[in-house]
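Me: Can you walk me through this one in questions and answers?

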Amino acid sequence: MAWLPVAGLVVGFLIVYGVDVRVPSDLASYLSLASLAGLDSIFGGIRAGIEGKFHDDIFASGFAVNTLLAVALAYLGDQMGLDLFLAAVVVLGGRVFLNLSLIRRYWLTKAALSKKMDKVGS
Amino acid sequence: MSVFVESIRGKSWILKITLMSVLLGMLLAVSLKTQQQVKSETGLTTTRFPILASTIASANRENKKLRQQIEELGEKITNYENQLAKGSGAARTLNQELQNAKFLAGLTAAEGPGVVVTLQDSKRKLKENAPADLPDLPNPWLIHDTDIQRVVNELKDNGAEAITVNDERLIATSEIRCVGSSTSINGARYTAPYEIKTIGDPKTLENGLRMRDGVADSFPDPEMIKIEQRNHVVIKPFTGSRQIKYAKPAKE
């Protein structure tokens, strides 16, 4: 059950990788930003789920809004001659690290707890 | 670790996360594919484009300056030749022959009446579904090297005395060759629109192009070719490098 998201990732990847998709190369960098926003939403969602604070609307809207904002910033930056997309990359990437470390903590803490409980029980 | 897995078993949010993962997987695949495509076409990912663009721009500026220098030096040489020839009859005759030869070789600027032909890509776009078995047909709405060649050929046939394409003087060994999405003329790259200047009789030159079923009619969109007669056309000299490595004067 816990490995379902990973399976989902692989399935989604394979579905599209086999098909011959042509995207105009101008959109290439925007797509990469969308992927990063998606990654951030997923890890944020996993962390919220572990904490018991998962909300459907927040999760779904989070991905959509973050992606739109990141792409809008990148586009505005292109027009202005400023690398605004960097802001999106830094923040989204930073949050991925943050969420991942929290998930790791929960994982290891529960593992340590289970070990203690086993000891206490026996 | 089993406590962790227990605590998240059966929670509904896992399914939603999974759904989003599928979407993310698809996005990643598209991103990867696009970058691979870009890399195979240009040899680098899109992040390097801006840097290269500015490098190209500065190289172009440098090029322009150098060409101007070449033109000015060429004029100086002609002046010195003319100066040296003053006085002696023999020198003057020889110099006249020299200047004529230089003109024919495309080494000196020229001016006179003629036409200016402008070739540009049509605004119409090729429909997205090219026939599956012939995906590489040349796009009829774009100007190809063969179009420029045909125009130049027709002009030559109608009395053109000097021809430049985008200010590149055509000499005997000039090529007009397709290089990817641009055209190589005298070793330099150009893209549409192409401005072809010629010195000759303006009427003859235009009529030659506008013959029924001639060059002008061969363009699917009449907007692609514009012909303008002019009383005064300035033709720039050849500014490329000429190296003669193999040819030698033939021994009589």
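Predicted model: local features only at pLDDT ≥ 70, side-chain atom pairs only at ≥ 80, totals over all residues.

Residues are numbered from 1 along each chain as its sequence is written, while chains are lettered from A and ligands numbered from 1 in the order in which they are written.

Me: Which element gives the largest share of the side of chain A that touches chain B?
Reply: Residues count as in contact if their C-beta atoms, placed from the backbone, lie within 7 Å. The contact takes 39 residues from chain A and 32 residues from chain B. The largest share on chain A's side, 14 residues, comes from helix 2 of chain A.

Me: Where is B:P193, which a cis peptide bond joins to B:A192?
Reply: Omega of that bond is about 0 degrees. Most peptide bonds are trans. Strands are DSSP runs (E, at least two residues), numbered from the N terminus. B:P193 sits in the loop between strand 6 (188-190) and strand 7 (194-199) of chain B.

Me: Is B:N166 buried, exposed or partly exposed?
Reply: Phi of B:N166 is near 50 degrees, a positive value in a residue other than glycine. Buried means 20 or more other C-beta atoms within 10 Å of a residue's own, exposed means 12 or fewer, and partly exposed is in between, with C-beta atoms placed from the backbone. B:N166 has 17 other C-beta atoms within 10 Å, so the residue is partly exposed.

Note on methods
Contact = placed C-beta atoms within 7 Å. Helix = DSSP H or I, 4+ residues; strand = E, 2+ residues; numbered from the N terminus.
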